[in-house]
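Hi there,

Here is the structure I promised to pass on to you. Have a look at it first, and then read on for my notes.

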Amino acid sequence: MTHKSILALMRWELKEYFSFPVFEIVLFIAVFSILNTSSILPVYAERYSNLHWGIQNIFFYLTISICAVFSRSFAGAFSKNEIKTLLSYPIKRSSLFFAKYLTMFLTLLIIYASVWASQLYIQALSPLEPMFWVSLLAIIPEILLLSTITVAIALVVKNEVVSIFASVLLLYGLANLESGGISLLIATGRYKALFGYFSILTHGRLPIGMMYVHPPEDVVIAFLAPLLISIILLAMSIAYFKRMQID
Amino acid sequence: MDKGGVRLEHPIIKTVDVVHSFGRNLTLKNLTLNAPSGISGFIGRNGSGKTTTIGVLLGLIKPQSGKATFFGRDCWKDSIAIRKRVGVMHEINAYPVNFKGGELLEFVAKIYDIPNSAQSIRQVLGEVGLEDARDKPIKTYSAGMLRRLGLAQALIGEPEFVILDEPTANVDPLGRVTLLDNIKKIHDSKGTSFLISTHILSDLEKICNWIIIIDEGRIVEQGYVKDLAEKYSANVYKIQVSNPWLFAGAVQELAMVQNTTVNNQTVLCKVNDTKAFYQVVPKLVADLKLELIGLQQISGTLEEIYKHAIGVKSDDT
Ligand SMILES: Nc1ncnc2c1ncn2[C@@H]1O[C@H](COP(=O)(O)OP(=O)(O)O)[C@@H](O)[C@H]1O
Ligand SMILES: [Mg+2]
């Protein structure tokens, strides 16, 4: 398996799962997620605080997008015989998995990162604002976590609709487990831990509106836990996919 | 039950006692199948296990027990090596509808690492008669065109062996003939072997040299068409009488009768002298004080072979 065939597979995935109007819808949802951000703070030095509030919305819409996109690619592909068609060519199962995952992951990351970049303009921030880059990087482990959970569900249920429902319910259920908003169990809680820590590091204080300071070990957990869980889930999903009966 | 028909010296596909079930539904029951080079027909009713068997051959399904080999290699463990040498068209194909015909073939050529893909694509499109559809989106293709595209993508990797699952389903009669003609031509010019699964017998009569008949997850007959035609040939008679067992016992004593079997209340006799046998039966029936319900010569057409093979099976179980 050469990188040429991985690229060919990724092109197949893009054509199949992001052609009109799917790409447009995902993009629209992403844009929608930043529309109702709070008004610009008058003091320039405090404006970066808005990034912290703006991203909460993003997590909400990101979850729907990820569940839909990954369920379609990993579960829908079974019902329409795509997996069977592709695996009848000399394509390794791990390569197919990798190509599918990478395509979906990169597309969503690029869409959300670009939309997030527009915050610089909306909030009238400098592109060098360190907290912009911190929040951008903080999206990555969250996309990883949400997507690997969705993929694991998709492979087990092998049905697009069931997979979308199951993953949406599970992920929003998790998000509602804790409503105080600082628990590391939920995306916004982890994000706050990172944002608060780096805010003190770069601006010398917490952003406007944030009260709670997480201890340093929370910050490490907030970053590493999603990564670790994702890696474990990915390894398990690949192992499962390699042994699946494709009928 | 005589499963082998003929012994095969160099099978390309060979499965021994392959068992597979979907949940509690036992789909393949000790499937023992051989296919040589040439064009093989794989015949069976809907739901008899053809598609599942093809899944096993391609390493998509891991059999619960038994051994399946393709080119002498294990179908599950060496499936990549096998698939490099095989082209496939499934019953239901999922090509991205937004691809153009030519784009699909480029994709497949890349996967098989075909060096001069532009030329191969042109040639394959010519072989299946799709030159004009190359730049049209696949979603605009008719059912017949989709089948031809399916055949083209199965051929682009220059495979030694091509598996076609129900290639003629949903294709109009003319399209069917053209498709089968194409297959025959490709076989004759390039030496590519085929395994063609179908539930339509007449598809295969003209082009196959080897026949495999599957029923309820078992191979009930397989062999070279000419051998099977002979086996179930004109000198086999089918006799229905009021007491088949009594009749079978008596008819076996006749010198002109080679062998006798009883299936489903009918007696099958393979005979040396058809004319004499035809005359002697009514007399024999009268002597035994039985009633003669039917006396019929079995012809060696594929349909007869098939019906008989399936009949033998239902009597066995
Ligand atoms: N994914 C599946 N789940 C459960 N049963 C299946 C599945 N695929 C096939 N079967 C069953 O296995 C049997 C054989 O099916 P199949 O191999 O598709 O037959 P054919 O291709 O000869 O029509 C049928 O009884 C069918 O219902
Ligand atoms: Mg079938």
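One cut-off before the details: a residue is called exposed when its relative accessible area is over 50%, buried when that value is under 20%, and partly exposed in between. Please keep in mind that this is a predicted model.

Let me start with A:Met236. With a relative accessibility of 52%, this residue counts as exposed. A:Met236 sits in helix α9 of chain A, which covers residues 216-243. It also belongs to a nonpolar surface patch, together with A:Val220, A:Phe223, A:Leu224, A:Leu228 and A:Ile232. The accessible area of the patch comes to about 550 Å² in total.

B:Thr51 is in helix α1 of chain B (residues 50-57), while B:Glu91 is in the loop between β6 (86-89) and α3 (101-111) of that chain, so the pair ties together parts that are 40 residues apart in sequence. B:Thr51 is partly exposed at 26% relative accessible area, and B:Glu91 is partly exposed at 32%.

Then there are the salt bridges, 15 of them over all chains.

- A:Lys4 and B:Asp113 pair through their side chains at 3.5 Å, N to O. A:Lys4 comes from helix α1 of chain A (residues 3-17) and B:Asp113 from the loop between α3 and α4 (117-128) of chain B, so this pair joins two chains. A:Lys4 is partly exposed at 39%, and B:Asp113 is partly exposed at 45%.
- A:Lys100 and A:Glu13 form a salt bridge at 3.0 Å, N to O. Because A:Lys100 lies in helix α5 (residues 93-122) and A:Glu13 in helix α1 of chain A, the pair ties together parts that are 87 residues apart in sequence. Both A:Lys100 and A:Glu13 are buried.
- B:Lys184 and B:Asp188 meet at 3.6 Å, N to O. They are four residues apart in helix α6 of chain B (residues 173-190), so about one helical turn separates them. B:Lys184 is partly exposed at 31%, whereas B:Asp188 is exposed at 52%.
- A:Arg11, A:Lys15 and B:Glu103 are linked in a salt-bridge network.

Best wishes

Conventions:
Residues are numbered from 1 along each chain as its sequence is written. Chains are lettered from A and ligands numbered from 1 in the order in which they are written. This is a predicted model: local features need pLDDT of at least 70, side-chain atom pairs count only at pLDDT 80 or more; totals for chains, interfaces and linings use all residues. Side-chain values use heavy atoms; hydrogens and water are left out. Patches are made of residues with over 30% relative accessible area and no salt bridge: like charges are joined within 9 Å, nonpolar side chains (Val, Leu, Ile, Met, Phe, Trp, Tyr) within 5 Å. Accessible areas come from the Shrake-Rupley method with a 1.4 Å probe; for residues, only the protein chains shown count as cover. A salt bridge is a side-chain nitrogen of Lys or Arg within 4 Å of a carboxyl oxygen of Asp or Glu. Buried means under 20% relative accessible area, exposed over 50%, partly exposed in between (1.4 Å probe, protein chains only).
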